[in-house]
Amino acid sequence: HLSSAPETWVSLALLSDKKGKHDSAHRFLAKAIELSPTYARAHMLRGSLLNADGKPGMAVKSYRKAYQLTRELPVYQGLVESYLFNSQQSEARVFAQEALEAYPDNALSLTLAGNVYFNAKMWGKARKAYEKALSLNPNCMEAVTSIVELDCSEN
């Protein structure tokens with residue numbers, strides 16, 4: 001008897017992804033979404049896998065569905081990253097701004113804003129956002145990675 005809980009199928013998708021079996025991961029996510037179309041985590045993971053597959057346009061669709069269901073920070077992160085990956089700067093900016101408004105003192109939301117500035121080659125604003133993010137949470141790996149990338153880009 002296979003589970004009717006979408007969480008089970010999302011867990012199987014995560015395990016398959018870890019093993020490098022992307023096709024299986026996508027099938028498991030499709031099953032999770034079939035069982036529970038309103039399970040936002042399945043849509044978020046599908047977006048993440050599609051980005052990893054180099055399909056940011058399709059990832060945006062998955063993250064948009066998740067966005068209809070929840071306004072959690074990982075949804076904003078997925079939308080901003082997908083739009084930047086797809087060279088849609090203005091859309092990325094809209095969601096980074098919305099994330100900042102929803103999560104004003106959060107290192108990740110500041111990093112998302114910084115990434116939009118970085119993508120627009122606005123180095124000073126990007127650095128300011130990353131430094132503020134790191135002052136709030138020195139362990140925010142997204143901010144650490146982004147400021148290192150900025151340092152490399154400026155040199």
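Buried means under 20% relative accessible area, exposed over 50%, and partly exposed in between (1.4 Å probe, protein chains only). Helices (H or I, at least four residues) are DSSP runs, numbered from the N terminus.

This is a predicted model: local features need pLDDT of at least 70, side-chain atom pairs count only at pLDDT 80 or more, and totals for chains, interfaces and linings use all residues. Residues are numbered from 1 along each chain as its sequence is written, and side-chain values use heavy atoms, with hydrogens and water left out.

**Helix H8**

- H8 covers residues 123–136, which makes 14 residues.
- From first C-alpha to last, H8 reaches 20 Å, close to the 20 Å expected at 1.5 Å a residue. The expected span is 1.5 Å times one less than the number of residues.
- Ala 126, Ala 129, Tyr 130, Ala 133 and Leu 134 are the buried residues of H8.
- Seen down the axis of H8, these buried residues fall within an arc of 130°, so they line one face of the helix. The arc is that of the directions from the helix axis to the C-beta atoms.
- The face turned away from that buried side carries exposed Gly 124, Lys 128 and Ser 135.
- An α-helix has 3.6 residues a turn, so residues three or four places apart point the same way.

**Helix H1**

- H1 runs over residues 6–18 and has 13 residues.
- Its reach from first C-alpha to last is 18 Å, close to the expected 18 Å.
- Pro 6, Trp 9, Val 10, Ala 13 and Ser 16 are buried in H1.
- Down the axis of H1, the buried residues fall within an arc of 120°, so they line one face.
- Cover for the buried residues of H1 includes helix H2 (22–35) and H3.
- Just after H1 comes Gly 20, with a positive phi of about 80°.

**Ala 42 in helix H3**

- Ala 42 sits in H3, residues 40–52.
- Ala 42 is buried, with a relative accessible area of 0%.
- Beyond its neighbours within four places in sequence, Ala 42 is in contact with Val 10, Leu 29, Ala 32 and Ile 33.
- One of these contacts, Val 10, is among the buried residues of H1.
- Ala 42 and Ala 59 are 17 residues apart in sequence and 12 Å apart in space, C-alpha to C-alpha.

**The largest pocket**

- The largest pocket holds about 190 Å³ of space.
- Its lining includes Glu 81, Phe 85, Asn 115, Phe 118 and Tyr 130. Tyr 130 is also one of the buried residues of H8.
- H5 (73–85), H7 (107–119) and H9 (141–154) each supply at least two lining residues.
- The largest share, four residues, comes from H9.
- The lining divides into four nonpolar, four polar and three charged residues.

**Two loop residues with positive phi**

- Ser 87 is a residue other than glycine, yet its phi is positive, near 60°.
- Ser 87 lies in the loop between H5 and helix H6 (89–102).
- Ser 87 counts as exposed, at 66% relative accessibility.
- Lys 121, also a residue other than glycine, has a positive phi near 60°.
- The place of Lys 121 is the loop between H7 and H8.
- Lys 121 counts as exposed, at 60% relative accessibility.

**Pocket terms**

- On a 1 Å grid over the protein atoms alone, a pocket is an open set of points where a 1.4 Å probe fits, with protein on both sides within 12 Å along at least five of seven lines.
- Lining residues have an atom within 4 Å of a point.
- Grid points are joined across faces, edges and corners, and a volume is the space filled by probe spheres set on the points.
- Ala, Val, Leu, Ile, Met, Phe, Trp, Tyr, Cys and Pro count as nonpolar, Asp, Glu, Lys and Arg as charged, and the others, Gly among them, as polar.

Conventions
Contact = heavy atoms within 4.5 Å.
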